[in-house]
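Work through the exercises below with the structure at hand. Try each task before reading its solution.

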Amino acid sequence: MNFQRIRGIGIAHAVAYGVIVCGAAALMLRTAAAGKPVVEPGFFLLDGLSVFFMFVISIVGFAAALYSAGYISHDVQEGRVSERKALMYYALFDLFLASMFLVLSVNSLGILWAAVEMTTLVSAFLVGFYRTKQSIEAAWKYIVVCSVGIILALLGTIFFSYAMSCAGGPRTLNWTDLHSYAALLDRNIVRIAFIFILVGYGTKAGIAPMHTWLPDAHSQAVAPASALLSAVLLPTALYAIMRFGLIVNISLGSVDYFSRLLTAFGLASLGIAAGLLLVQKDLKRLLAYSSIEHIGVICTGLGIGGPVAVFGVLLHILNHAAVKSLLFFGAGAIVSRYGTHNMRLIRGVGRSMPFTGVLFAAAACALIGFPPFSIFMSELLIVISGFSKGAYALTAALLFFLAVAFGAVIFHIWRMLSGRMPKGLQQADEPLSIKAAYVFLFIFILGLGIWVPGIIRDGITAAAQVLTGI
Amino acid sequence: MDYFILAHIRFIFDPLSVFFLAVIAAVSAPALIYSAGYLKGQFNRPRIVFLHALSVVFILSMAWVVTSADLIAFLFAWEVMSLVSFFLVVFEHEHEQSVQAGVIYAIMTHVGTGFLIAAFMLIAQYSRGLDLDSVRVACASMPSDVRNLVFIFLLAGFGTKAGIVPVHIWLPYAHPQAPSHISCIMSGVMIKTAVYGLIRFVIGLLGVTEPWWGVLVLILAMVSCLAGVIYALMEHDIKKLLAYHSVENIGIILLGVGACMLLTAMGGTYWALLALVAGLYHLMNHAVFKGLLFLGAGAVFKATGTRDMEKMGGLIRTMPWTAGLFLLGAMAISGLPPLNGFVSEWLTLQALFLGAFHAAPGGYRLFLGIAAAVLAFTSGLAAACFVKAFGITFLAEPRSQQARGAQEAPVSMRAGMAVLAGLTVVLGLGAVWMIRALVVVAGSAASIDTAGVSFGLNNLVISPAPGSGTYLSVPLIFLALALFAAGITVYYQRINKRQVTAFRTWDCGYYSLSSRNEYTATAFSKPFRIAFSFLLMPYRRTRKIWDTFYQVRSFSYETHTTPVFKKYFYDPLLRLIFNMAGVMRRIQPGSIHLYIGYIFVTVIVLVIMMRRY
Amino acid sequence: MKAVELMVQFLFLCIIAPLVSGIIAKVKNNLRMRKGAPVLQPYYNLIKLASKDEVVSATTSWVFRIAPVIVLASSLAALLLAPAFVSANSANAAGDVLAILFIFALGRFFMALAGLDAGSSFGGMGSSREMFIASFAEPCASLAVFSLFLRSGSTNPEFLAHAGTLNAGTIFAGLCLMMVIIAETSRLPVDNQETHLELTMVHEAMVLEYSGRALAFIEAGSYIKQIVWFGILAHILLPATVSFSAGLVPVVTAVMFFFGRIAVLALVVAVLEVVIAKLRLFRMPDYFGFAAVFGLFAVISSLMGI
Amino acid sequence: METLIVTAIVIGAYCMCIAKRITALVRGFAMQSFFLCLYTLVRAWKEHSPELYIVAGLLFCLKVMVIPYSLDKICRKIKVKDNLGLFVNTQVSLVCALAFTYGAWVFSNMAVPGQDPAMTAALTASLTIVMAGMFLMVFRMKALTQTIGLLVMENGIFLLASSIAGGLPFFVEISIFLDVFVSVIILNIFVYRINKLFTHIDVTKLTRLKG
């Protein structure tokens with residue numbers, strides 16, 4: 001009986017997140033309309049960029065909440081998870097999302113740092129949720145590696161404040177102040193500071209070679225949590241990098257430094273991810289590495305720069321969030337069905353769980369950039385601007401790595417989806433809430449490929465304006 | 001600039017697009033008719049519905065490809081086409097090899113698309129918009145080295161889809177795996193969209209200036225012709241055989257297109273037009289007869305449950321309709337008068353000859369002559385191959401139980417095939433009208449003024465070069481053949497009628513002649529296997545199964561040919577990539593200390609290198 | 001008027017077609033110090049076959065039945081297009097030399113199918129070899145034609161024939177074409193019309209199952225094919241012609257002159273067939289490689305205009 | 001005055017680099033934190049800022065009292081063998097630490113040329129400590145050392161903040177403290193769990209997840 005209560009809680013929880021989605025959308029709309037932060041930046045800073053990211057997070061959060069309602073209650077039903085633990089799960093879930101919202105909304109870069117650290121600490125429990133040896137190991141690596149990275153980020157932040165004090169600015173870490181004083185900051189220190197920032201938050205964003213924690217954590221976390229980690233935590237860390245990047249660009253007077261660093265790291269991530277995608281056996285690790293790959297795409301796009309590329313990058317963040325969370329949801333369902341992560345042992349998903357199978361296939365095609373799905377468009381935008389910037393070699397490399405990743409993913413996924421289902425496994429239907437989550441995300445995946453509705457377009461444009469400093 | 005698809009949905013219906021629409025319709029409609037009977041009893045109801053839905057989307061996407069007047073829309077439609085066809089290839093996903101085929105297909109086509117994207121983006125550099133008109137303007141203002149690069153990319157991209165050697169690797173895997181009416185559409189139409197792309201973008205928009213473009217295309221075409229037909233000769237999986245013939249025929253089509261490019265660059269527009277007409281004509285014809293053949297093969301497959309020709313034979317008695325229609329297709333593809341394949345091959349030969357004579361200087365003449373010789377060689381080998389295909393499959397005694405128990409195909413399937421068979425005849429006899437239409441198409445495609453140009457003397461006689469006395473009249477030839485045949489038959493049946501007794505085949509006094517004594521497909525192609533051993537690298541394995549130490553119970557003998565391109569190009573490439581991946585795997589050994597070390601090192605390196613960037 | 005001339009030529013060629021084979025056989029035998037069959041032996045054979053009953057294999061299908069008809073019909077159709085003593089043959093508005101090649105291919109195609117139809121391994125062997133040889137013959141033929149075409153700018157057999165006086169190009173082309181013809185008329189490199197020995201059976205193996213009238217058709221078909229080829233070759237290697245005009249004397253001279261040229265060729269062919277040893281089947285590519293080299297020489301020398 | 005304290009802090013870092021036993025490490029950390037606290041007090045006294053007094057108080061409570069205590073408690077509870085596995089022996093470690101100092105000095109001259117020596121010294125010191133912490137995390141095997149390494153790095157950064165940047169905004173300081181505290185607690189929890197599952201806390205043996 002208790003699992004029904006858990007499901008009830010889950011549903012209510014999901015509904016709450018539905019409300020949050022609406023709120024975020026409304027906020028984004030108003031910000032875009034106003035063309036400037038709707039609330040005067042004080043402790044909070046809600047300009048186009050942060051609002052857009054909030055929108056993305058709220059969407060994934062809503063889907064994840066919907067999914068959890070089915071997933072966790074099912075676990076409880078199976079007796080895999082105690083009721084108390086289920087409640088704790090919801091608590092952690094909310095805390096996690098709250099900390100991410102905090103990251104996106106605060107003005108002071110110091111608090112931002114604290115919030116990012118907060119996300120690590122909270123999600124560590126979600127990673128170690130099942131308390132198996134693997135999950136604990138993953139959680140430990142996650143928390144330690146990320147904390148080290150984050151500490152470096154703090155170092156960078158302090159260098160910024162030092163630069164500020166050298167420039168005779170007020171003793172504050174508010175982004176708005178730094179932004180206004182940016183031109184006066186000592187370039188040398190800013191350079192150094194940004195290195196620390198990039199490595200620090202880059203660790204959290206899963207940029208190679210600091211990505212090492214990522215596949216472990218993502219593969220061990222609870223399915224909805226993996227989705228959250230992959231879909232929104234990485235962009236959240238990137239958001240921090242973007243914030244600092246803006247200051248750096250102004251104070252250095254050119255975007256070269258920023259773009260060169262990001263391009264280099266982006267390509268590195270792409271290469272490593274593409275290579276490791278080929279030799280994966282574990283389903284969720286595969287998805288994790290593809291997240292690294294997409295982070296690589298995003299970084300490269302940021303490195304390329306220019307309005308088109310930035311628009312593409314932001315759109316790509318949204319698309320990747322939707323696609324990747326759908327994939328992780330599907331993976332969670334499949335894994336709990338087949339009882340293994342090993343793709344060599346999973347066969348005939350299309351038969352054993354048709355609904356999941358079809359949507360998973362569609363999402364996989366979207367992930368590797370087939371139209372009419374959304375990622376094709378955003379990647380195309382990035383490639384286009386790459387060519388128009390004349391960065392031929394760079395874009396060629398990007399295309400090459402994408403092709404390799406394409407081959408790897410399609411190879412693994414299709415061998416898994418196709419074929420007859422193994423003996424002793426009969427066709428089963430997913431709970432309604434899970435289906436709802438799938439469909440909700442799929443609408444985005446398909447819709448954004450064909451047509452970007454006005455609200456999202458305005459939101460992205462506003463964010464892009466902040467990013468391109470227009 | 002807005003890059004989203006809705007803003008780019010523009011259509012173009014110039015003669016070229018309309019022609020390709022016609023091709024699509026001409027092949028797809030019969031295929032769909034056929035599928036009604038073909039799918040019955042193969043899959044359960046929902047899957048059939050799903051398959052039909054996919055097929056319709058597939059056809060529509062191809063139609064969109066050939067009519068979209070915008071680069072983005074073209075790419076979009078192109079990828080949708082690839083995606084849907086991929087789903088169709090892996091449709092029977094219970095078979096491991098269908099998934100493998102699908103994966104190979106997907107990867108190859110994706111690489112091709114990568115090249116296309118690169119080419120289009122290069123073009124977009126020089127153009128205001130992405131619609132074809134502004135692209136045409138842009139292409140005019142492009143520096144020559146960029147033009148060459150764009151051409152190479154386009155050739156690579158479209159060539160992959162068209163399945164020209166050496167990027168044909170996916171084709172013989174993918175086409176046979178799909179359900180037969182889909183193989184028919186894929187082989188008949190889908191690979192033609194690549195030719196459309198070449199004509200539209202290279203000849204139409206980019207404009208051929210360099211002779212070496214044409215030379216390159218011709219060389220690739222020749223290689224494709226020969227390699228395709230030689231591999232086809234070695235096949236005894238009937239659908240794979242047909243797939244390899246698609247490679248060959250794409251080669252023949254590209255002979256026409258390449259000659260057109262070369263001659264355009266040489267300035268012989270009239271002869272370029274002739275060449276393009278020949279290419280387009282063969283494109284149409286190949287769509288028709290290859291479609292027919294795939295449908296026939298599907299019927300055989302449905303009846304016998306196997307695609308292996310060695311297990312067939314004698315089907316002409318159990319399924320006479322299918323046999324007759326397949327025979328028509330085989331005659332057409334072997335270029336026998338009076339069917340359509342004959343006309344287009346003749347026309348291509350004439351185009352090469354006349355182009356060499358009128359437009360090309362010294363060395364190029366020899367080159368074109370050799371191309372013509374290669375074409376002749378190819379058609380000869382194709383004839384041999386289809387003697388094998390038809391003879392082994394349909395004639396003599398059944399070689400297996402399945403073949404013995406075969407049933408004639410249902411009406412809908414026969415109807416589908418009959419339509420295409422009729423087209424092969426019509427396109428053969430109505431050559432002059434067809435050519436007139438194609439002159440308009442080719443003229444608009446290559447932007448050549450076609451006023452007063454119709455390569456025909458009157459409604460019966462083709463004359464590619466007026467005044468040179470070179471004529472061809474298919475109807476007359478048909479008339480002659482028919483009259484003589486009728487006369488002979490009359491003589492045979494009426495004038496000099498004798499008694500005819502049926503008796504056992506002569507067996508050299510060896511009194512148990514059975515289907516095991518028949519010539520097999522492998523035996524038939526043995527001379528070719530020896531002759532082309534330089535390419536095929538055949539090898540054999542014989543094993544003795546000993547009963548006792550002294551007595552051999554039986555021998556096992558098997559012979560194979562080496563898939564050269566796979567073994568010496570693709571496999572090493574894959575191995576290289578996988579090895580690199582394996583090396584990368586080692587950077588993630590699971591030691592947290594190492595991981596922290598990475599961060600540390602990264603920071604220090606960056607700080608040291610800081611001054612560099 | 002033209003039509004009448006055409007009919008005359010057509011009938012004449014039909015009539016003398018077997019004779020050529022007869023002459024060749026006779027010459028061969030005499031060269032071998034044998035007496036040999038009379039020159040008219042082919043006619044006797046045809047008549048004998050035409051008056052016999054038939055035995056057909058029980059396992060065959062309608063393909064087997066129609067094959068002889070198509071073979072003969074295609075040969076006759078080719079004969080219509082062939083150049084002979086009637087100049088400016090209006091029938092070749094229907095087709096050119098390439099068309100002739102394709103028409104012969106039609107007959108060959110059905111012959112090979114018929115060979116497979118009976119289900120004996122002889123037939124299969126024969127058709128396999130036949131298609132093998134033919135597929136190698138075609139490029140050589142097309143090269144020869146191309147080299148002549150480069151002079152006249154037309155593939156009309158007449159124009160090809162009047163490609164000009166004898167010179168290097170035409171000689172090479174002629175040699176190439178002659179090798180092709182010798183193979184096509186199943187004489188060299190492997191085939192031997194006189195024996196039924198598996199090693200040298202190509203054409204004979206295919207027609208093994210035929211008897212009576214059907215066999216007669218096939219034989220007649222191959223005679224006619226032979227004279228078509230010889231006609232073309234005669235025009236290339238012995239280019240002088242007497243034009244055909246009304247009146248008995250000129251007609252007879254033209255006809256006789258043409259026949260003389262054919263006879264000369266027959267002589268040459270016979271000699272070649274006797275003096276050249278047969279090749280193994282798998283050496284066949286070398287034979288045609290040789291022919292192809294001649295063809296290339298021909299093309300090059302016509303490019304150089306010599 | 002400050003310079004002396006800073007030197008003491010750096011020496012604390014050295015001690016930790018050559019420590020062989022966890023308890024020694026914890027002592028070293030406590031000592032370092034104590035000097036850090038002292039340093040903050042001095043600055044507070046100089047600048048007469050109440051915020052800094054509070055910060056110093058927090059520093060004392062948390063880093064000198066609570067955290068070392070909890071670490072000790074963990075050690076006792078999970079009865080790990082006391083020595084922390086060394087990848088590199090103490091002499092080499094010491095050499096490394098000196099190398100760090102030198103590198104830090106070079107770096108700080110490069111980064112902020114023309115500052116007064118005290119500033120440069122502070123920068124050098126804090127970077128040394130950060131690197132020492134990093135060193136501990138990379139070259140010591142036990143899970144606990146990684147916790148401590150993290151804390152040491154944090155100390156270094158705190159020193160940096162309060163020395164060159166003239167301290168962070170009060171609110172930021174507090175939240176950072178909070179974070180550090182929470183992270184220590186969570187790390188401890190995980191150390192418990194590791195010990196429970198693996199019956200050791202040797203993180204070099206945690207290599208199930210790879211590739």
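Predicted model: local features only at pLDDT ≥ 70, side-chain atom pairs only at ≥ 80, totals over all residues.

**Exercise 1. The contact of chains B and C**

Task: Find which of the four pairs of chains in contact shares the most contacts, and describe the side of chain B that touches chain C.

Solution. 
- Step 1: Among the four pairs of chains in contact, chains B and C share the most contacts.
- Step 2: Chain B brings 70 residues to this contact and chain C brings 71 residues.
- Step 3: Several elements of chain B give two or more residues to the side that touches chain C, including α14 (340-358), α15 (362-394), α19 (474-495) and β1 (500-503). The most comes from α15(B), with 17 residues.
- Step 4: Sorted by class, the side of chain B that touches chain C holds 45 nonpolar, 18 polar and seven charged residues.
- Step 5: Strands also meet across the two chains: β1(B) pairs with strand β1 (residues 54-57) of chain C in the parallel sense, over four bridges. In this pairing, B:Ala502 stands opposite C:Val56.

**Exercise 2. The contact of chains B and D**

Task: Work out how many residues of chain D are in contact with chain B, and which helix of chain D gives the most to that side.

Solution. 
- Step 1: On chain D, 12 residues are in contact with 11 residues of chain B.
- Step 2: Helix α5 (residues 117-139) of chain D gives the most to the side that touches chain B, namely three residues.
- Step 3: By class, this side of chain D has seven nonpolar, three polar and two charged residues.

**Exercise 3. Chain C and chain D as folds**

Task: Describe the secondary structure of chain C and of chain D, then judge from the radius of gyration whether chain C is as compact as a globular protein of its length.

Solution. 
- Step 1: Chain C has 11 helices and one strand. Along the sequence, the pattern of chain C is α-α-β-α-α-α-α-α-α-α-α-α.
- Step 2: The globule rule gives 19 Å for 306 residues and the radius of gyration of chain C is 19 Å, so chain C is as compact as a globular protein of that length.
- Step 3: The C-alpha atoms of chain C fill a box of roughly 55 × 45 × 40 Å along the principal axes. Of the 306 residues in chain C, 61% are buried.
- Step 4: Chain D has seven helices and zero strands. Its radius of gyration is 17 Å, which agrees with the value near 17 Å for a compact globule of 211 residues.
- Step 5: The box for the C-alpha atoms of chain D is roughly 50 × 35 × 30 Å, taken along the principal axes. Buried residues are 49% of the 211 residues in chain D.
- Step 6: Take the contacts between residues at least 6 apart in sequence: in chain C, 79% of them join residues at least 24 apart. In chain D, 71% of such contacts join residues at least 24 apart.

**Exercise 4. Core and surface**

Task: Which residues have the most contacts inside the largest nonpolar core, and is B:Leu576 buried or exposed?

Solution. 
- Step 1: The largest nonpolar core has 661 residues, and B:Val277 and C:Cys176 have the most contacts inside it. Helix α11 (residues 269-304) of chain B gives the most to this core, with 23 residues.
- Step 2: Chain B is divided into domain 1 (5-477) and domain 2 (540-613), and the core draws at least three residues from each of them. The centres of these two domains are 37 Å apart, taken over C-alpha atoms.
- Step 3: Leaving aside neighbours within four places in sequence, the contacts of B:Val277 include B:Leu347, B:Ile435 and B:Phe455.
- Step 4: B:Leu576 lies in helix α23 (residues 564-585) of chain B. B:Leu576 counts as exposed because it has 10 C-beta neighbours inside 10 Å, and the cut-off for exposed is 12 or fewer.

**Exercise 5. A covered helix**

Task: Determine how many residues of helix α8 (residues 213-220) of chain A are buried, and what they pack against.

Solution. 
- Step 1: Eight of the eight residues of α8(A) are buried, and the helix is mostly covered. Among them are A:Trp213, A:Asp216 and A:His218.
- Step 2: These buried residues pack against α4 (109-127), α5 (133-166), α9 (223-252) and α11 (283-304) of chain A, together with α24 (592-609) of chain B.

Conventions. Residues numbered from 1 in each chain as written. Chains lettered and ligands numbered in written order. Contact = placed C-beta atoms within 7 Å. Nonpolar A, V, L, I, M, F, W, Y, C, P; charged D, E, K, R; others polar. Pairing = 2+ DSSP bridges. Domains from an automatic or database assignment. Buried ≥ 20, exposed ≤ 12 C-beta atoms within 10 Å, placed from the backbone. Core = buried A, V, L, I, M, F, W, Y, C linked by C-beta atoms within 7 Å. Rg over C-alpha atoms; globule rule 2.2 N^0.38 Å.
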